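Hi,

Here is the structure I said I would pass on.

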Amino acid sequence: MDAYDKGSDARQGQGQGQGQGRPGGEAGREGTGETAAEPAGAAEPAGAAEPAEPGEPAEPGRPAERAAAVERAGAVGAAAGASGPVGTSADVQAATCEDAGSAGALLATGPTGVAALSPRYQVGAVVALAVVAVAVCAHIGLVFLHVAPSNTLTKQHGSVVDEWVFPEFEQNWKLFAPNPLQQNVSVQLRAEVSTADGEIRTTRWYDLSAEDGRAIDGNPLPSHTQQNELRRAWDFFVASHDSEDRPVGVRGTLSETYLRRIALLRLDRGGAAGPGDVVERVQYRSRTTNVEPPPWSGEKVSDRHTVRELPWWSVAAENRGSRAGKAGQSGQAAQEGGAA
């Protein structure tokens, strides 16, 4: 049979399809299968043609067939996605999106910490860390020399160690000693006050240890002075005086001066001297009581308290210093007022 016979179904179908795609329904020549020449873009208006699907040849002038082919391809893709074969386009696209998201997250993270700073700030951070490390090491070394047994370094640089440690970082071994402190020591104070009319009166005993205890009790952040000022001053005095309350060396005299100044501060706080009154002398005493041992220890201790009463100390020198300071402040305030 002639391939170009007009009775051929294939040729007729092709010719009909081509004739339908031409404007005005112009049919091709019968019997020859030749089609009339068409100008480019005459099949459909510019911009009206849809882009060809991947894998299909672009055929201008056949929008209806292309639309049907697109629908068939979408149906086939949906069926393939529903059946879930390995390697479908949907799986590939999902995996590609996940990989791209992971790569984007890694790129967005970037360097952190000190590495994220500029070189100038990195140098500053390194210098600051070095300074802190040196300060910490120096502090630990000085405290170690303070608590360590006497050695060559402590003999040569003992003053430097004491200046750094006292009084904030003082350490002792009483808690870990074979016989730790098992006594309650209460420090009390009274004074002789000269009144404005020339009389001398003696105040009552002020229990300074009890006042500090009340200030500390229930306070989550008590001050260093409330906890240690009076206690350390009294320990300093006891360690630098003999049994007759006589100072041993220069440190004994220094401890007395320290206690005098504390006495004036506490008496002023307690209102011992009224307006126009002056504190002339002060006297300390301590009351020591043994801590009762636990019942299971079987240890027996005396429940009697021991009193140590010191002689009267004149505080005229301290009062002169305080008066001079007050007078200087008053004169400065007057000068500032006059200048204003």
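Ser240 sits in the loop between α7 and α8. Keep in mind that this is a predicted model. Ser240 counts as buried because its relative accessibility is 7%, below the 20% cut-off. Its side chain reaches back to the backbone oxygen of Phe236, at 2.8 Å. If you skip the neighbours within four places in sequence, Ser240 is in contact with Arg246, Pro247, Val248, Arg251, Gly252 and Ser255.

Asp245 is in that loop between α7 and α8 too. Asp245 has a positive phi of about 65° although it is not a glycine. For background, most residues other than glycine have a negative phi. With a relative accessible area of 17%, Asp245 is under the 20% limit and therefore buried.

Now the helices on either side of that loop. α7 runs over 224-239 and has 16 residues. From first C-alpha to last, α7 reaches 21 Å, close to the 22 Å expected at 1.5 Å a residue. The buried residues of α7 are Asn228, Leu230, Ala233, Trp234, Phe236 and Phe237. What do these buried residues of α7 pack against? Their partners are β1, α6, α8, β4, β5 and β6 (313-314).

Arg232 is also in α7, but Arg232 is partly exposed, because its relative accessible area of 24% falls between the 20% and 50% cut-offs.

α8 (249-270) has 22 residues and spans 33 Å between its first and last C-alpha, close to the expected 32 Å. Buried in α8 are Gly252, Ser255, Glu256, Leu259, Arg260, Ile262, Ala263, Leu264, Arg266 and Leu267. As a reminder when you look at that list, an α-helix has 3.6 residues a turn, so residues three or four places apart point the same way. Two of the residues buried in α8, Gly252 and Ser255, are also among the contacts of Ser240. Just after α8 comes Gly271, with a positive phi of about 70°.

Which helix gives the most to the lining? That would be α7, with 15 residues. The elements that each supply at least two lining residues are β1 (183-194), α6 (208-216), α7, α8, β4 (278-290) and β5 (306-309). By type, the lining divides into 15 nonpolar, 16 polar and 10 charged residues.

α6 is followed by Gly218, which has a positive phi near 80°.

Leu181 is in the loop between α5 (152-165) and β1. Leu181 counts as exposed because its relative accessibility is 58%, over the 50% cut-off. The C-alpha atoms of Leu181 and Val291 are separated by 9.1 Å, although the two are 110 residues apart along the chain.

Ser302 is in the loop between β4 and β5. Is Ser302 buried or partly exposed? Ser302 is partly exposed, with a relative accessible area of 39%. Its side chain reaches the backbone nitrogen of Arg304 at 3.2 Å. Ser302 and Thr289, 13 residues apart along the chain, have their C-alpha atoms separated by 8.5 Å.

Finally, the overall numbers. The protein has 9 helices and 6 strands. Of its 340 residues, 19% are buried. Among contacts between residues at least 6 apart in sequence, 53% join residues at least 24 apart.

Cheers

Technical notes: Residues numbered from 1 in each chain as written. Heavy atoms only, no water. Helix = DSSP H or I, 4+ residues; strand = E, 2+ residues; numbered from the N terminus. Nonpolar A, V, L, I, M, F, W, Y, C, P; charged D, E, K, R; others polar. Buried < 20%, exposed > 50% of the residue type's maximum accessible area, 1.4 Å probe, protein only. Polar contact = N/O pair within 3.5 Å; in protein donor to acceptor, adjacent residues only side chain to side chain. Contact = heavy atoms within 4.5 Å. Expected span 1.5 Å × (residues − 1).
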